[in-house]
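I opened this notebook to record what I looked up in one protein model. The entries follow the order in which I asked my questions.

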Amino acid sequence: MRLRNVKGSREQIAANEYTIKDAEQIKGQWKDYFQDGKPIQLEIGMGKGKFLMQLAEKNPQIHYIGIEKYSSVLVRALEKMEENPLENLHFIRMDAENIVNVFEKGEVDQIYLNFSDPWPKDRHAKRRLTSRQFLERYHNILKEEGRVIFKTDNRPLFDFSLEEVKEAGWTLEKSTFDLHHSEYVEGNIMTEYEEKFVAKGNPICMLQIFLQE
Ligand code: SAM
């Protein structure tokens, strides 16, 4: 998702209290940064942040950090936070390719990937957020056996992800081609994209994985 360039969005983000600036300087010191010992969970490619806002409201005992590449998208989440501020929800504007520069091994408890861009061309496979290159990055920031949870309505992307998971040696703990008609639907929080696709009747695929050390 790339919204039309929103004028002043970069400045708005720079001045915003919910956005973490110079996140690379906090690498290895996230516990000191928050000073409350709460676990940290990420959504990578969070879009306008609806999913994380609901999670953060439901689970005040967890810090959630939304990672988003584009200011023009992130600024929409910030506007919603002005209306309903949440102490345990934070944002970083960055390309997730550089995630290992922001977190040390063990600093992240869990990672959500929701309706990630499919990058359909083969030559762009390594840009997919479930590629083996990204799985390696997640391994390098997650705690031991920390989970990655991925949802998509894009079956080719899901099939690719299942292959990458296997190739990279992760354990497939949960997997479904139709989340909304599966045992895993209880407690599911719908994202903005999920609502659109479910309304169209598209089945939602979901997987949950961890890497045994
Ligand atoms: N997760 C939201 C949802 O389910 O409603 C948004 C899904 S949208 C299709 C994908 C989002 O991921 C876009 O906002 C895009 O800018 C962001 N994104 C894609 N690649 C990214 C990357 N490498 N790093 C950070 N954000 C990324």
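**Entry 1. Terms and the model**

I began with a definition that I needed later: two residues are in contact if their C-beta atoms, placed from the backbone, lie within 7 Å. I also noted that the model is predicted.

**Entry 2. The whole chain**

I looked up the secondary structure and found seven helices and seven strands. From the N terminus on, I read the order of the elements as α-α-β-α-β-α-β-β-α-β-α-β-α-β.

I then turned to overall dimensions. The C-alpha trace spans about 40 × 40 × 35 Å along its principal axes. A compact globule with 213 residues would have a radius of gyration near 17 Å, and the protein agrees with this because its own value is 17 Å. Of the 213 residues, 36% count as buried. I also looked at contacts between residues at least 6 apart in sequence, and 77% of these join residues at least 24 apart.

**Entry 3. Helix α5 and its buried side**

Which residues of helix α5 are buried? In this helix, residues 132-139, I found F134, L135, R137 and Y138 to be buried. They cover an arc of only 155° around the axis, so they lie on the same side of α5. I next looked up the partners of these buried residues: they pack against β4 (108-114), β5 (142-152) and α6 (155-167).

**Entry 4. Two domains**

The domain assignment gives domain 1 (1-20 + 35-94) and domain 2 (105-213). I recorded a distance of 20 Å between the C-alpha centres of domain 1 and domain 2.

How many residues of domain 1 are in contact with domain 2? I found that 13 residues of domain 1 are in contact with 13 residues of domain 2. On the side of domain 1 that touches domain 2, β1 (40-44) and α3 (50-58) each supply at least two residues. The most comes from β1, which gives five residues to that side. By class, I noted six nonpolar, four polar and three charged residues on this side of domain 1.

**Entry 5. Around the ligand**

I then looked at the ligand and the 21 residues around it, of which G45, G47, K69, A96 and T191 come nearest. The elements that give two or more residues to this shell are β2 (63-68) and α7 (192-200). The largest share, three residues, comes from α7. I divided the shell by class into nine nonpolar, five polar and seven charged residues.

Why does the ligand lie between domain 1 and domain 2? Both domains give residues to the shell, so the ligand lies between them.

I looked up K48 in the loop between β1 and α3. K48 is buried, because 22 other C-beta atoms lie within 10 Å, and the cut-off for a buried residue is 20 or more. Leaving out residues up to four places away in sequence, I found that K48 touches V73, R76, A77 and E192. One of these, R76, is 28 residues from K48 in sequence, with 5.5 Å between their C-alpha atoms.

Next I turned to D22, in the loop between α1 (9-14) and α2 (30-34). Is D22 buried or exposed? D22 is exposed, because 8 other C-beta atoms lie within 10 Å, and a residue counts as exposed at 12 or fewer. D22 and Q41 are 19 residues apart along the chain, and I recorded 19 Å between their C-alpha atoms.

**Entry 6. Positive phi**

My last search concerned backbone angles. Most residues other than glycine have a negative phi. I noted two residues with a positive value.

F115 is not a glycine, yet its phi is positive, at about 55°. I located F115 in the loop between β4 and α5. F115 counts as buried because it has 22 C-beta neighbours inside 10 Å.

E145, also a residue other than glycine, has a positive phi near 60°. I located E145 in strand β5. Where F115 is buried, E145 counts as exposed, because it has 11 C-beta neighbours inside 10 Å.

Definitions and conventions:
Residues are numbered from 1 along each chain as its sequence is written. This is a predicted model: local features need pLDDT of at least 70, side-chain atom pairs count only at pLDDT 80 or more; totals for chains, interfaces and linings use all residues. A residue is near a molecule or strand if its C-beta atom, placed from the backbone, lies within 6 Å of it. Helices (H or I, at least four residues) and strands (E, at least two) are DSSP runs, numbered from the N terminus. Ala, Val, Leu, Ile, Met, Phe, Trp, Tyr, Cys and Pro count as nonpolar, Asp, Glu, Lys and Arg as charged, and the others, Gly among them, as polar. Domain bounds come from an automatic or database domain assignment. The arc is that of the directions from the helix axis to the C-beta atoms. The radius of gyration is taken over C-alpha atoms; the globule rule is 2.2 Å times the number of residues to the power 0.38.
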